[in-house]
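Me: I'm new to reading protein structures. Could you walk me through one, feature by feature?

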Amino acid sequence: MSDPLIQYLAIPLAKIVMILGVLLFIVAYLTLAERKVLAYMQVRIGPNRVGPRGLFQPIADVFKLFAKEDLVPANAEKFVFMLAPLLI
């Protein structure tokens, strides 16, 4: 008999992480497809800068998202500044 911690916690957690990973991958490339279709409809160049035919664009978008810094004005109270959009 296996360890109950593995049976009831680790295995379902691994399944959840795998499902979320697949879903995030699918959403990233559906977004890329949408951007390419919109570019075609507007007769302009779509996302084609990163990788062959833009296939690495979603990965570059993730790096860009995590590299962005959150700007808070110098005279603002940080807690209230961050809480305001949540209250709206």
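Me: Which residues line the largest pocket?

Reply: A word on the model: it is predicted, so local features need pLDDT of at least 70 and side-chain atom pairs count only at pLDDT 80 or more, while totals for chains, interfaces and linings use all residues. Residues are numbered from 1 along each chain as its sequence is written, and side-chain values use heavy atoms, leaving out hydrogens and water.

In general, a pocket is an open set of points on a 1 Å grid over the protein atoms alone, where a 1.4 Å probe fits, with protein on both sides within 12 Å along at least five of seven lines; lining residues have an atom within 4 Å of a point. Here the lining is Leu24, Phe25, Val27, Ala28, Tyr29, Thr31, Leu32, Arg35, Pro58, Ile59, Asp61 and Val62.

Me: Which element gives the largest share of that lining?

Reply: H1 does, with eight residues.

Me: At what angle do H1 and H2 pack?

Reply: Helices are DSSP runs (H or I, at least four residues), numbered from the N terminus. Angles run from 0 to 180 degrees between N-to-C directions, and axes are lines fitted to C-alpha atoms over the stretch in contact. H1 (residues 4-41) and H2 (residues 57-67) pack at about 110 degrees, their axes 9 Å apart. They are therefore roughly perpendicular (65 to 115 degrees). Contact means heavy atoms within 4.5 Å.

Me: Is Gln57 buried or exposed?

Reply: Buried means under 20% relative accessible area, with a 1.4 Å probe and protein chains only. Gln57, in helix H2, is buried at 11%. Leaving aside residues up to four places away in sequence, Gln57 touches Leu32, Arg35, Pro47, Arg49 and Val50.

Note on methods: Helix = DSSP H or I, 4+ residues; strand = E, 2+ residues; numbered from the N terminus. Parallel < 35°, antiparallel > 145°, perpendicular 65-115°, else oblique. Buried < 20%, exposed > 50% of the residue type's maximum accessible area, 1.4 Å probe, protein only.
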